[in-house]
Amino acid sequence: MGVAAAAALTLAGASYMPAGAAAADTAPPSGTPATVSVDPLPTWQVDGVVWSMTTVGKTVYATGNFTKARPPGTAPGNAKEVVRKNILAFDLTTGNLITSFNHSLNGQGLRIVASPDGKRVYVGGEFTSVDGKAHSRLAAFDTATGKLVDAFAPKVSNKVRGIAATNSTVYFGGNFFNVNGKSRTRLAAVKASNGANVDTWRPTADDDEVFALAMAPGNERVLIGGRFQKLNGAQRVGIGAVNATNGASATWTSKPVPARQGSKFSYVTDLFVSGDTVFASADGEGVHWFDGRFAAKASNGDLVWLDNCYGATYGIFAQGQSIYSVSHAHDCASLGAFPEVTPRRWQRALAETRVATGTDKAPPSNNSNYRKQPVPSLLHWFPSLAMGSFTKQYQAAWAVTGNADYIAMGGEFPRVNGKAQQGLVRFATKAKAPNKSGPLTSGFAAPTAYKTAWSKKITVSWKATWDMDNTALTYEVLRDKGTTPVATLKKNSSFWNLPKMSFTDANPPKGKHTYKIRVKDAMGNTITSAASKAVG
């Protein structure tokens, strides 16, 4: 579809925040959502990769490709390290491993989700046994007891990547063609009670893999995302919906994922439903193919917003009015935020507003159906997740989950904010966080002080620093060895916008003077620069 035709596509982005309300952080302006703190909280670690997580109450269930778990702050081989093969659970409020949930998958898990009542979690992937018992690529656990549900053992012929559940039915997708001895094309449903096929539900992802599923509110629609270009025999690129009873195609009005062109394509990697909206993450294979996130009405697919930040996105989660995602974003010009730079800089975790705040500020991605469509604002939350090497894909986080007070991220990262923390990490809202992450010292140099021969005035200039979870910083100018500032200035900054600042000391005492700059964030964290050269 050409750009001109795209104007006719339905948009549901009528809910806008005030223009310019993007400076959100742990202490945002009124009317702007707060983010969690950037402080990484102590969390048990894994020795491989976490592909997927889900939260039930305060318990996080994680699955992936790993063999051991160990306490926070410890290195591999620590005496307290324990065996955990591809699945584990930990407490979201403490980060502690839940020892009563101890199971083993003989292959990697790719997706884990909870039933709506929270009584079960379902895991899908490439395994064929759980705890030595035959469970072919799909299994269930009782959250009350932590036990494997033996009666739920459908036989799936190949990998399961996406799962969505009601309390009675489990819908799943991937790259399989047979379930319980019956033909299926990458999508199937089974009974939660015994894993038997639901034969009335047989939609097809005709030409490529399914990656994610979600239930629309009311459980009448199953939302499906993946690499496919056709769903139920009709063109439906990357995202669509089907009836939860008979699998018939259901209304989906928007076209957020561009159609494949040869070896170049985009696809949906994750879906998360919150309220009446589904939030989705995408990966683009090809330069400037859609890599970002979009939001749509779960009831009909009307587009709410779509951002074109480049750098593949792998997971997405809604917490209140903030949307968290994990990616390797390197160009967010679409949101009027950080641009592409050389050498390239990757920001591997992002937060955005739940609602649209304006329109796209950059050209559309390749083969896009939209330009100048509604976009959210990027919120000021920039933790540093180090690139991992376990998967040889050289990414950091692959999954994100949480509740109203905490966010958890899982992946293959070895460090968070420069501190050793492998594979799992937690962040908390301001009320529950230590809030000790302050202005950064890196690159924050001593100010320059100078005066003209004919004036006693001394001008002090410096380049602003930035803070990973606070936009607005307070700069105090200190003269000589004094601790009481001679001037106080406030300035917004970010890693891509470090403004130059200055102050003129109009009536300094006689003699030569040095100056320092003390910087504070909203939480009271402080750094102080080195002193300038003496002038006078």
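**Before you start**

The model is predicted: local features need pLDDT of at least 70, side-chain atom pairs count only at pLDDT 80 or more, and totals for chains, interfaces and linings use all residues. Residues are numbered from 1 along each chain as its sequence is written, and side-chain values use heavy atoms, leaving out hydrogens and water.

**Stop 1: the whole protein**

Along the principal axes, the C-alpha atoms fill a box of roughly 90 × 65 × 35 Å. The radius of gyration, taken over C-alpha atoms, is compared with a globule rule of 2.2 Å times the number of residues to the power 0.38. For 536 residues a compact globule would come near 24 Å, and the protein has 25 Å, which agrees.

Now colour by secondary structure. The protein has one helix and 42 strands. Helices (H or I, at least four residues) and strands (E, at least two) are DSSP runs, numbered from the N terminus.

The protein exposes about 20700 Å², and carbon and sulfur atoms supply 50% of it. Areas come from the Shrake-Rupley method with a 1.4 Å probe; for residues, only the protein chains shown count as cover. Buried residues make up 58% of the 536. Buried means under 20% relative accessible area, exposed over 50%, and partly exposed in between (1.4 Å probe, protein chains only).

**Stop 2: Thr 59**

Select Thr 59. This residue is found in strand β3 (residues 59–65). Is Thr 59 buried or exposed? Thr 59 is buried, with a relative accessible area of 16%. Next, show its contacts, meaning heavy atoms within 4.5 Å. Leaving aside neighbours within four places in sequence, Thr 59 touches Thr 54, Ala 89, Phe 90 and Ile 98.

**Stop 3: strand β13**

Select residues 169–174, which are strand β13. Six of its six residues are buried, so the strand is largely enclosed by the rest of the structure. In a regular strand the side chains alternate between the two faces of the sheet. Turn on side chains here. Thr 169, Tyr 171 and Gly 173 point one way from β13, and Val 170, Phe 172 and Gly 174 point the other way.

Two strands pair if DSSP finds at least two bridges between them. Strand β12 (residues 160–165) pairs with β13 in the antiparallel sense over five bridges. These two strands form a hairpin with three residues between them. Find Val 160: its bridge partner in β13 is Gly 174. Strand β16 (residues 187–191) also pairs with β13, antiparallel and over five bridges. There, Phe 172 has Ala 188 as its bridge partner.

**Stop 4: aromatic rings**

Rings of Phe, Tyr and Trp (its six-membered ring) pair if their centres lie within 6.5 Å; planes under 30 degrees apart count as stacked, over 60 as edge-to-face and the rest as tilted. The count comes to 22 aromatic pairs. Select Phe 279 and Trp 305. Their pair is tilted, at 6.2 Å centre to centre and 45 degrees between the planes. Phe 279 lies in β23 (residues 277–285) and Trp 305 in β25 (residues 303–307), so the pair ties together parts that are 26 residues apart in sequence. Phe 279 is buried at 1% relative accessibility, and Trp 305 is buried at 0%.

Then select Phe 338, Phe 382, Trp 466, Phe 495 and Trp 496, which form one aromatic cluster.

**Stop 5: charges over rings**

A charge sits over a ring if NZ of Lys or CZ of Arg is within 6 Å of the ring centre and within 35 degrees of the ring normal. Finish at Arg 227, over the face of Tyr 267 at 4.5 Å from the ring centre.
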